[in-house]
Amino acid sequence: MTTIDLTTYTIRDTTVYRAAIIPSDLIQPSSAATAMSRLREKTTVKTMVKQIFGSDAQIDHAADGSPLLTGIPNPPFISISHSSRFAVIAVNPTSPVGVDIEHWRKSLEKVAPRFLTPQQNNIYNSEHMLLCAWTIKEALFKVAETKPERTFIDMPLPPSPQSSKVIIDGHSFSICLLENNPDTCLTLAVRD
């Protein structure tokens, strides 16, 4: 079994594992017409799952598309994210979690009006804060199990970037920026 270096963060009962995306030369090409970048991301996640949970562990998906861990007793709640450089898996034994990792890209400025309200745009008004807002919303969207009519722009953000709590549909969520660098943001959201 291939092993990869994992960076681990532990926040309360949640563990977040981050690994660099496996290089192309270590990937067995697929007969399917999958882009190499997507194949690298999937292979990295599969390798991480086997390394963290054992060789019987597998990723499946619920009807809503959220990831489920199968093949092990008492599987925890998980969330998965990947970017061009990293794959991330968040694990919590008792509470739903959401995780997102993103790197700065200029296209975030163009789509900001579609995912930030005018008030949010006034608060999250720099390139880096825009990146943070995106990862916070993405992590919350994964964990909140929101009403179907809620759109990405309707997803609340903390009242300030330093806040760590958000209320959605009467439920409280804690937010933690695990990596908060100028070009990368890794955000965890956990239902309290």
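Is Arg85 buried, partly exposed or exposed, and at what relative accessibility? At 37% relative accessibility, Arg85 counts as partly exposed, where buried means under 20% relative accessible area, exposed means over 50%, and partly exposed lies in between (1.4 Å probe, protein chains only). The structure is a predicted model, in which local features need pLDDT of at least 70 and side-chain atom pairs count only at pLDDT 80 or more, whereas totals for chains, interfaces and linings use all residues. Residues are numbered from 1 along each chain as its sequence is written, and side-chain values use heavy atoms, with hydrogens and water left out.

Arg85 takes part in a salt bridge with Asp183, the closest N and O atoms being 3.3 Å apart; a salt bridge is here a side-chain nitrogen of Lys or Arg within 4 Å of a carboxyl oxygen of Asp or Glu. This pair links distant parts of the chain, 98 residues apart, with Asp183 in the loop between β9 and β10 and Arg85 in the loop between β5 (77–82) and β6 (86–92). Helices (H or I, at least four residues) and strands (E, at least two) are DSSP runs, numbered from the N terminus.

A search of the whole structure finds eight salt bridges. One of them joins the side chains of Arg12 and Asp192 (3.3 Å, N to O). Because Arg12 lies in the loop between β1 (7–11) and β2 (14–20) and Asp192 in the segment after β10, the pair ties together parts that are 180 residues apart in sequence.

In helix α2 (residues 107–115), the buried residues are Leu108, Ala112 and Phe115. Seen down the axis of α2, these residues fall within an arc of 85 degrees, so they line one face of the helix, the arc being that of the directions from the helix axis to the C-beta atoms. The face turned away from this buried side carries the exposed residues Lys110, Pro113 and Arg114. The buried residues of α2 pack against α3 (118–123) and α4 (127–143), contact being defined as heavy atoms within 4.5 Å.

The largest nonpolar core has 25 residues, and those with the most contacts inside it are Phe115, Leu116, Leu140 and Ile168. Such a core is a set of buried Ala, Val, Leu, Ile, Met, Phe, Trp, Tyr and Cys residues joined through side-chain atoms within 4.5 Å. The elements that give two or more residues to this core are α2, α4, β8 (165–168), β9 (171–180) and β10 (184–191), and the largest share, 10 residues, comes from α4. Apart from its neighbours within four places in sequence, Leu140 is in contact with Met155, Pro156, Val166, Ile168, Phe173, Ile175 and Ala189. A second, separate core of 16 residues includes Ile22, Val45, Met48 and Ile89.

Zero disulfides are found in a search of the whole structure, a disulfide being a pair of cysteine sulfur atoms within 2.5 Å. Cys132 is in no disulfide, the nearest cysteine sulfur, that of Cys185, being 3.2 Å away, and Cys132 is buried, with a relative accessible area of 1%.
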